[in-house]
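This briefing goes through one protein model by topic.

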Amino acid sequence: MSEDSSRLIRSEFKLAQAEMTEKAKGMGAGIGGFSAAGLLAFFGFGVLLAAAVLGLATALPAWLAAVIVGVALIAIAGIAALVARRKVAEASPPVPERTIETVKEDVQEIKERAKS
């Protein structure tokens with residue numbers, strides 16, 4: 001029985017490792033894509049900010065136009081940070097769910113065999 005138990009434990013560790021590796025690969029590819037998109041959006045947003053300042057500068061002094069755009073950006077950043085903080089708090093950590101379920105089943109089976 002101890003040999004079966006150690007074999008079961010080793011196989012569960014292998015399953016957990018394979019499951020976490022699979023999840024990590026998918027996350028890595030997604031993170032790379034988001035990084036490229038974020039960099040391009042960053043530059044595009046910078047150009048749009050310059051255009052907003054230049055547009056406001058036609059009706060207001062240039063310094064005031066820049067202050068208005070800067071304050072608006074800080075307010076938007078604060079809102080985004082609050083939303084992101086809530087999302088992070090709600091997110092569950094990456095857990096090998098299948099492995100946990102099979103370990104529970106294995107423990108139950110071992111208990112039943114031990115009673116016999």
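Helices are DSSP runs of H or I with at least four residues, strands are runs of E with at least two, and both are numbered from the N terminus. On that basis the sequence reads as the pattern α-α-α, with three helices and zero strands. The model is predicted.

**Overall form**
- The radius of gyration of the protein is 27 Å, whereas a compact globule of 116 residues would have one near 13 Å.
- Along the principal axes, the C-alpha atoms fill a box of roughly 90 × 25 × 10 Å.
- Among contacts with a separation of 6 or more, 73% join residues 24 or more positions apart.

**Surface and charge**
- Of the 116 residues, 8% are buried.
- The accessible surface is about 9200 Å², and carbon and sulfur atoms account for 72% of that area.
- There are 13 positive and 12 negative side chains, and the centres of these two sets are 6 Å apart.

**E12**
- E12 is a residue of helix α1.
- E12 is buried but has no salt bridge; R98, the nearest side chain of opposite charge, is 9.4 Å away.
- Leaving aside residues up to four places away in sequence, E12 touches T99, T102, V103 and D106.

**A52**
- A52 also belongs to helix α1, which covers residues 2-57.
- A52 counts as partly exposed because its relative accessibility is 33%, and that class lies between the cut-offs of 20% and 50%.
- The C-alpha atoms of A52 and I68 are 9.7 Å apart in space, with the two residues 16 apart in sequence.

How values were computed. Residues numbered from 1 in each chain as written. Predicted model: local features only at pLDDT ≥ 70, side-chain atom pairs only at ≥ 80, totals over all residues. Heavy atoms only, no water. Buried < 20%, exposed > 50% of the residue type's maximum accessible area, 1.4 Å probe, protein only. Lys, Arg positive; Asp, Glu negative; His and termini not counted. Salt bridge = Lys/Arg side-chain N within 4 Å of Asp/Glu carboxyl O. Contact = heavy atoms within 4.5 Å. Rg over C-alpha atoms; globule rule 2.2 N^0.38 Å. Areas by Shrake-Rupley, 256 points an atom, 1.4 Å probe, with all protein chains shown as cover. Charge placed at Lys NZ, Arg CZ, Asp CG, Glu CD.
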